[in-house]
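Thanks for sending this one over. Here are my notes, as numbered points to read next to the model.

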Amino acid sequence: MALQLENTHNRDVLIAIEKKYQQKWQDDHVFESDFPEDDLPPTELREKYPKYFGTFAYPYMNGSGHAGHLFTVSKVEFTIGFQRLTGKRTLFPLGFHCTGMPIKACADKLIEDIKKFGQNFERFEEYDAQQENPNQNGIIAPVQGANKKEDITKFSSSKSKATAKNVKTNYQFQSMLAMGIPREEIHKFADANYWLEYFPPIWRKDLINLGARMDWRRQFVTTDANPYYDAFVRWQMNRLKELNKILYGKRYTIYSPKDGQPCMDHDRTKGEGVGPTEYTALKLKVKEWSPEAQNAIDGKIAKDAAVYFVPATLRPETMYGQTCCFVGPSIKYGVFKASDKEYFVCTKRAAWNMCFQGTFFDIDHFPRDQKELEPVVELPGSAFIGTLINAPLSLHTEGVRILPMETVLATKGTGVVTCVPSDSPDDFATVRELAKKAEYYKIKKEWAELEIIPVLETTAYGKLTAKHLVETMKINSPKDDKQLAEAKDLAYKEGFYNGTMLVGEFKGEKVQEAKEKVRQSLIQSGDGFPFADPSAEVISRSADECVVAYIPQWFLNYGENDKEWQNTVLEYVKSKDGLYTYTQETENQFVANLEWLNQWACARTYGLGSKLPWDPQFLVESLSDSTVYMSYYTIAHFLHSDRFGTAPGLLEIPASAMLDEVWDYIFTRTNDLDAVSHKSGIDKSKLLTLRKSFEYWYPLDMRSSGKDLIPNHLTFFLYIHLALFPREYWPRSVRSNGHLLLNGDKMSKSTGNFLTITQAVAKFGADATRIALADAGDGMEDANFEEKGANAAIMRMYTLKEWIEQTISDKSLRTASDPAVLWDTLFEDEMNLLVHESFNHYRDTNYKLALKFSLYDFQSARDFYREQCASSGVAMSRPLILKYVELQSLIISTIAPHWAEYMYLDVLHKEHSIQNALWPEVPKSDPGLTAQREYIKSTSSNITSSEAQAAKKMAKGKTSAFDPRQPKKLTIFVASGFPDWQNKYIDLLKDALEKATINDDKAINQTVAKTAGKDMKRVMPFVQELRKKVLAGDQAALFGRELAFDEYTTLQQMLAGLKKQTGCQELEVIKVTPDMKDLPSQAHTAEPGRPTFQFENIKS
């Protein structure tokens, strides 16, 4: 549930500060960066003037941004902020992606909505009421609550869940209303170009309100709406074609019949990443129909026509072992006319896919609607049970039967499944079940008991793989889904990699070699044909269920068909000197995808985009025009000064002059400056400027993206960069992140658990939102944006601001730091430690940890200093407090820049913006001071806990010699050294370490047992714990046992604070030596660094 804020005073104060500095940063052009004016070669220029260039995937302009987008943005935004602190020039630009189907599809839906409901959808309420209450006279019957006004942006229904699922209530104009777009403005979005004008300013405003360090001079929209970017895309495609990276030919692709074109990942509302599954379809000719099927078919199919059941298989090499063919009893099957004399039996879904693969329709007459494909007969699978068919290659040449299989899926393959019980665990389990319960399934037992013929022999499972696996895995039923899935996987892998053919034309050959030979033999003989369908459901942006089409198309030749290109990218990803991926999981996903990814259609006919230069009937597909656009950022502001390219840029170069040769020169593909200048008409000095800008800013230092883009965009990004650019300009790193949960749940508009960028910044302010984003998590696992955390950040930053302003105006502060004051020394040392720790985590882009050290722990250090000074009766040091404020501002400025800027300019009165400051240089922390500080904290805590235990006993009614409510005394016992018995066993372990026998647990235990005697109970645990530390790499446990500080003196300095903390009237520190008598038992259990305590009551 969304968090409701009640008192917004603190937030409003912080937002006022944020707005002030956001405006100042824009007015002062703080985030605008250019290459340095120096004639050094590019490599030397980057060395002399270090730079950092980061981007995230430019957003698609079919809506405004949400918290999920913001999470990915934050990773590169924080990195840019930190890199500025290290003294680098930074570049963080943003363009707006408009290519592809989504915008056009939504615009077309709006056109239909307007036709149906009017320009402002004024007829919708009448239409909706008619749908809810239809009657013959068209009169709406009155109902209870009829006058209640419904918010049409909320998709609710009074119907039952089952009914509601089947009724479409979501119109495009409702989605626009839900985005907050005024009703009277929605009709403008029926023009696809209006989207390009409307949403980019919203994104820009949102990110400025977030405090993003972006150079907005370089913004642009994609498609031919911007002639400069259009020229850039055309250059890219031309050069890829010249390199034979773009080819033309027939191939399988996911295809939208409604749109009449391929449907690639970003053109889908469902099924991103889904590709075709390629099968071998077999033609199993009917020899004798079942009685029910015969009755239905009589008179509808010519008697001399051939009818085939058409199963689709991934294992054609096993077809010699077919013993039957399965259909789903409750699945509907059609008999479809393939030619005058041929008919196919399969699901309509499968037949619809075949329409686009050369069956039923040719490529010039593809259907747009399934009404164009009607079966001659449609029957449930049960009607076909018992039909006798001829199975190609089967050694059962007399024929096999159609039998029932409950687990057949209508959404996969053809819905017809051929049975090979020798090698398919599912098939073996099913025929065994059918034979056992023949009467129940209404079949003849012998139909399921045909001889199971060995087809393959494998190393692991012998000649009958399926039987072996089903029996050894104790699979009892065809319904044992998980076990059968595992068995299927094992059978397939073992058969493919270690199988040898036992029968058929290719007997004796390895399955890896025979598989394709058998397939081709089936196709050439006419007993089979290629078939493909989507590996999962795919829905296009136009709400069309997609199929697989076999069509000629332009495609990028990714994958194994261009081994050299594939291997170049793989080696770059795997190399230590190649792509940096931040996590091993990211690298693993890249490698897996590169080994799997194949050819990719790069053109289509519907939507927005740039025309394919050599075939302008096509548009460049949206994932293919967005691979190297990061290079365009480096020179965009020189070309145009608005996102559409209508206003000239700094160099006033017309778009018509941006020839392919110009792009070649900018991106170092040619050095012939004279020829390029002559052909394009662009002055040499301007061409040099463009090239220098590219050479300085490239390569891209960080690409930040969600992990869901690894299978497509990020992999393409690598492929195309490595094809078009020299090695020195290949991307340096990709940082991928998981999805973002909101308050622990998946973000969803339908459930209301959703947060836009606009809403987040308005609700919590920029810095609190940024803190919550940093705290959400890092790595590839899903992160969580907690609204409670963002709200807590408001309180934290406001309270800290108030405390700082009040404290530095306090006249009682000491005017100097004093080394004699322990708390000053410890505070300064802890600040130094946290500055270094924060730097390390920012450098590694671990922002959750960076936030912990740079804010939470830094504030805790302040708290410790403040509390110790107060309890000791010592005023805090003004110089130290001012140092704290400066360091706190600098090290949190990456995440909370507005708060930091306020401290830097308004409180500390610095001359320049913190955005131009450098990371603070401080000494390394002193390990001794760190140990002393931790000793003080732990000792104070232990004393408090000890007293609390006594109070707890009394609360439970237990008798105790000490009453915490009465006047009391605290005695602290400090050991003068380690006990002699410990030193003895330390020497034993040192000796074992030197002789390399410390791993010999048995020998060490025997030695201890011989020498410990009655002290065995305390000696053995001590030795084992110490040995464990040494084996873990902590040799200091043996050789560095001396404390780095004077424990007794430290406790003496703590007494004033402890007196206040405990409320004791008397405190005493006793240094315990072995010869001291008459002390309580706990006195002699103290060890260096581990004092013991005694509370006792005294007379007041």
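1. K442 sits in the loop that runs between helix 12 (425-436) and strand 17 (456-458). Its phi is near 60°, a positive value in a residue other than glycine. Most residues other than glycine have a negative phi. K442 counts as exposed because its relative accessibility is 74%, above the 50% cut-off. Please keep in mind throughout that this is a predicted model.

2. Where is H909 placed? It belongs to the loop between helix 30 (897-907) and helix 31 (927-955). With a relative accessible area of 60%, H909 is exposed.

3. Next, a peptide bond to look at. From Y698 to P699 the bond is cis, with omega near 10°. Most peptide bonds are trans. P699 is found in the loop between helix 22 (684-697) and strand 25 (702-706).

4. Is G681 buried or exposed? At 65% relative accessibility, G681 counts as exposed. G681 and P654 are separated by 27 residues in sequence, and their C-alpha atoms are 9.9 Å apart in space.

5. F71, by contrast, is a buried residue, with 1% relative accessibility, and its place is in helix 3 (residues 67-85). Which residues does F71 touch, leaving aside its neighbours within four places in sequence? The contacts are with N737, G738, L740, L773, A776, G777 and A783. For a distance to check, take F71 and H739: they are 668 residues apart in sequence, yet 8.4 Å apart in space, C-alpha to C-alpha.

6. On helix packing, I would look at helix 9 (residues 227-242) against helix 23 (residues 710-724). The two pack at an angle of about 75°, and their axes are 11 Å apart. That angle makes helix 9 roughly perpendicular to helix 23, because the term covers 65 to 115 degrees. On the helix 9 side the contact is made by W235, Q236, R239 and L240, and on the helix 23 side by I720, A723 and L724. By class, the residues of this contact are five nonpolar, one polar and one charged.

7. How much space lies in it? The volume is about 1,200 Å³. The pocket is lined by 34 residues, and P276, T277, E278, W596 and N598 are the closest to its centre.

8. Which elements supply at least two residues each to the lining of that second largest pocket? They are strand 3 (246-256), strand 6 (276-282), helix 14 (481-498), helix 17 (584-596) and strand 22 (600-601). Strand 3 gives the most, with five residues. Sorted by class, the lining has 15 nonpolar, 10 polar and nine charged residues.

Technical notes:
Residues are numbered from 1 along each chain as its sequence is written. This is a predicted model: local features need pLDDT of at least 70, side-chain atom pairs count only at pLDDT 80 or more; totals for chains, interfaces and linings use all residues. Side-chain values use heavy atoms; hydrogens and water are left out. Axes are lines fitted to C-alpha atoms, for helices over the stretch in contact, and angles run from 0 to 180 degrees between N-to-C directions. Helices (H or I, at least four residues) and strands (E, at least two) are DSSP runs, numbered from the N terminus. Angles under 35 degrees count as roughly parallel, over 145 as roughly antiparallel, 65 to 115 as roughly perpendicular and the rest as oblique. Contact means heavy atoms within 4.5 Å. Ala, Val, Leu, Ile, Met, Phe, Trp, Tyr, Cys and Pro count as nonpolar, Asp, Glu, Lys and Arg as charged, and the others, Gly among them, as polar. On a 1 Å grid over the protein atoms alone, a cavity is a set of points where a 1.4 Å probe fits but cannot get out, and a pocket is an open set with protein on both sides within 12 Å along at least five of seven lines; lining residues have an atom within 4 Å of a point. Grid points are joined across faces, edges and corners, and a volume is the space filled by probe spheres set on the points. Buried means under 20% relative accessible area, exposed over 50%, partly exposed in between (1.4 Å probe, protein chains only).
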